[in-house]
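I opened this notebook to keep track of what I looked up in one structure. The entries are in the order in which I made them.

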Amino acid sequence: MSKYHFNDIEAKWQKFWAENQTFKASNESDKPKYYVLDMFPYPSGAGLHVGHPLGYIASDIYSRFKRHQGYNVLHPMGYDSFGLPAEQYAIQTGQHPRKTTEENIARYREQLDKIGFSFDWSREVRTSSPDYYKWTQWIFIQLFESWYCKGHSKAFPISELIKLFEEEGNAKINAECDAKVETFTAEEWNNHSEEHKEKILLKYRLTYLAETEVNWCPQLGTVLANDEIVNGVSERGGFPVVRKRMKQWSMRITAYAQRLLDDLDTIDWPQPLKDSQTNWIGRSEGASVQFKIKDHDGHIEVFTTRPDTIYGVSFMTLAPEHDLVDRITTMDQRYDVSQYIEATAKRSERERMADVKSISGVFTGAYAIHPFTGEDIPIWIGDYVLAGYGTGAVMSVPCGDQRDYDFAKHFNIPIPNIFEGVDISEEAYADKENTIIANSDFINGLNYAEATRKIIDALEEKGQGEGKINYRLRDAVFSRQRYWGEPFPVYYKNGLPQMIDFEHLPLTLPEVEKYLPTEDGEPPLGRADVWAWDSEKNVVVPNHKVDHETIFPLELNTMPGWAGSSCYMFRYMDPGNGAELASEEAMKYWENVDLYVGGSEHATSHLLYSRFWVKFLFDRGVLKVNEPVKKLINQGMILGTSAIVYRISGTNKYVSNGLKGEYQCDEIRVDVNLVNASDEIDIEALKNWQPQFADAEFILEDGKYIVGREVEKMSKRWFNVVNPDDICEQYGADTLRMYEMFLGPIDQAKPWNTAGITGVHSFLKKLWKLYHSGENESFMVSEGEASKDSLKTLHKTIKKVEEDIENFSFNTSVSTFMIAVNELTSQKCTNRDVLSNLIVLISPYAPHISEEIWQKLGNTESISTAPFPKFDASHLVESSKEYPISFNGKMRFKLELPLDMGKDDIEAAVLSHEKTKQYLDGRTPKKVIVVPGKIVNVVG
């Protein structure tokens, strides 16, 4: 007798795959290649919940499918193992983040192995490993040693720029660089000191030091990216975030803005994700305009997409952080301005951008001069203008922009109307396509396009502006004031950055006593006793030796979280290579990722930065491709079904869900594992779960406490996390894999319901039974020819499953398997060929049970080596038809006849049938109606 002992079967095959390195990919193969990659996880202390493996299961099915199709599949896994949680834990406990990370990785690996993924673990990478981050440091150095030529739309070595400076100065060089760069001749360059030259080059390098406005989180002691802030507080910990000016490393991603936009057309990514990147990059065409400042040197530069509305400017608005604010604010306005700046610093950029209802601002007391009318224009500051977007200043045209309109109304600023035949008494008019300009001197009567061209020409003639393309994208801040991150390979000589030579990499993290910023506000690396660079011996030495002429301080910041993930897909190609990121042969063979699976939340962070780095490394000849990923699939989220108890407000009494309407109640989420399939909570277990419930009183309905339910994000915070280990133990990994796919389309959100998993588990038991139909449920297959019905079932299943996998419609495949097993069971099919092909079809989804049955079928190699079954359409072509035979319109019996039989032959066959003679009872029919392929009706 053979039962489906899934725990034993799964342990057996997981051990077999590990010992035999079944899924190890080769860099040398005659097979076509296919590279499947998951976004590697950050190994958190909580481990995996059932929502995490969703994308991994989908990519694993596809990887196994491509192996069956004869591809050499690379399907690696690693860990994005630098991260703030481990550092926060270190601050709280003193335990080194490395130890925490290693423990968490061990837990993740254990969980991943239990689910039966076909990862090539021989290629595992960890971003926190010095052997890995050596290459992150190396890429940083390449960026530092490069500049971007606009004319060629390409990065080149900085040595070539230096040569151009030596030969012709910089007047004719069309490079991406800082906004304010001095113009110099070759002679002037050659006469500059080395220190001055270095300062100039920093304005051109693709990674550079600059004073920038950043999101500073005092409690975390670090700068945060915009995507790490939610509703004005840090995503991690919920701490306040303020705006602050700091000297930071930045990356000149803006140099690649147009290429990042254009090349979206060359990759197969979801359109919503492409739209996110398009909007984030934010290309716009317009004009750069310079407004002189009354009684001051200098000017305010603005970028506008509506230069045609320049005669409608009635005030200027600067970002509160704008460099000019302090210089132009009058004494009378200084207090109000400083108070406003202080308040604004407590709001993140995203919060300011999202807040379209609040209206606030302060007049600086200063005036700009209109470039055409010469009129005085009051200069205000307002938090709806951002220092880092465009120039940090806007020419405010209230008649043509609703936010300017609301601002002007609020502060009683004039709103001149420059649109012909338009009423602006209630709102601004923003329809540029139907604009005819009025009250605007030489552009009166012109439409948007005509007026724009004339204004740009006039500005250029005056030397106060020019036509320009602008991008919303800003250079990426690349410094974090943390310990647990990649150290910069940088030391400082006379305050200027110098790179450590490649042969001395990696520069590894030093030991520190505590992981907090220093008392002087320096990052945690400022606590290291041994963190200085001996440029003569090329080693790290104690800090007290810095005064020596060859010993210099090292950079105290570390790199951000996205540094290690921007090129990791190429390191998998050749992870053991100590001399190169990957060998030329490996990169030529694997090229880039064919299928990438991960969340859409990374659209404007990891995915954008990765595209930037890859394009840069392509420019410099390191990579053979200029995109990291050909096809991208965004998996949806598996939602948790939270359990809610209802506390009567102001008491320690809890009322059951059906009675809560009688009271004013507070909702409290509780551990879903305390609730059964009928939504009844175990009250004794609840009392033991948390102290607040120990002495609580419970008001029941029908003797039970029924919880409320809420579908929401699966999170420890809501106590709705389901551990995949428990599912694997109770139902098996194959059940978990198939159930997650069965829940719905891969790209959609769907709620988890443990009660629903029993149906998939029952299917796998039925599948097992199909192969164990012998005496005492022994394994049994038969030789010989399969029945037509079984071949039909098999081949319609092959067709549907192959189409489903290619279209990533994994949920409908599971339904198809269930139908096939039901049909074959009804047919009592035991045919070896049919059942062998069926188990290969199912193996990408349920690999453990498939391997076991494959072995029982007499195979000695893993099922992963078996070719995918070939669809034969001939088995779906019907050769006969089962006709309903009716008498006077009433169906009496069915008769199977060949499909190619003619009308006369059908009539003859029906009339000669015994049942026909029985029904006619000796009578002669009046007529026989025959519709070939459909019906036969005997009348009479």
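The entries below go from the whole chain to single residues and pairs.

**Entry 1: ground rules.** I am working with a predicted model, so I noted that local features need pLDDT of at least 70 and side-chain atom pairs count only at pLDDT 80 or more, while totals for chains, interfaces and linings use all residues. Residues are numbered from 1 along each chain as its sequence is written, and side-chain values use heavy atoms, with hydrogens and water left out.

**Entry 2: the whole chain.** I looked up the extent of the protein chain: its C-alpha atoms fill a box of roughly 120 × 75 × 75 Å along the principal axes. The secondary structure comes to 28 helices and 34 strands. Helices (H or I, at least four residues) and strands (E, at least two) are DSSP runs, numbered from the N terminus. Of the 940 residues, 52% count as buried. Buried means under 20% relative accessible area, exposed over 50%, and partly exposed in between, with a 1.4 Å probe and protein chains only.

**Entry 3: cysteines.** I searched the whole structure for disulfides and found 0; a disulfide is a pair of cysteine sulfur atoms within 2.5 Å. For Cys149, the nearest cysteine sulfur is that of Cys177, 11 Å away. Cys149 is buried at 9% relative accessibility. I also looked up Cys829, which is buried at 6%.

**Entry 4: salt bridges.** A salt bridge is a side-chain nitrogen of Lys or Arg within 4 Å of a carboxyl oxygen of Asp or Glu. By this rule I get 40 salt bridges.

In one of them, Lys630 pairs with Asp594, and the closest N and O atoms are 3.4 Å apart. Lys630 lies in strand E24 (residues 629-634) and Asp594 in strand E23 (residues 593-598), so the pair ties together parts that are 36 residues apart in sequence. Which of the two counts as buried, and which as partly exposed? Lys630 is partly exposed at 31%, and Asp594 is buried at 10%.

Next I took Asp679 and Arg709, whose closest N and O atoms are 2.9 Å apart. Asp679 sits in the loop between strand E27 (665-670) and helix H19 (683-689), and Arg709 is in strand E29 (residues 708-713), 30 residues apart.

Lys796 forms a salt bridge with Glu823 at 2.8 Å between the closest N and O atoms. This pair links helix H23 (residues 788-806), which holds Lys796, to helix H24 (residues 810-826), which holds Glu823. I also noted a network in which salt bridges that share partners join Lys33, Glu591, Asp594 and Lys630.

**Entry 5: surface patches.** Patches are made of residues with over 30% relative accessible area and no salt bridge; like charges are joined within 9 Å, and nonpolar side chains (Val, Leu, Ile, Met, Phe, Trp, Tyr) within 5 Å. Lys3, Lys765, Lys766 and Lys769 form a positive patch. Lys and Arg count as positive and Asp and Glu as negative, with His and the chain ends not counted. Lys3 lies in the segment before helix H1 (6-20) and is partly exposed at 43%.

Ile929, Val931 and Ile935 make a nonpolar patch of about 200 Å². Accessible areas come from the Shrake-Rupley method with a 1.4 Å probe. Val931 lies in strand E33 (residues 927-931) and is partly exposed at 33%.

**Entry 6: Arg480.** I looked up Arg480 last, in the loop between strand E17 (476-477) and strand E18 (490-493). Arg480 is buried at 3%.

Key
The place of a charge is taken as NZ of Lys, CZ of Arg, CG of Asp or CD of Glu.
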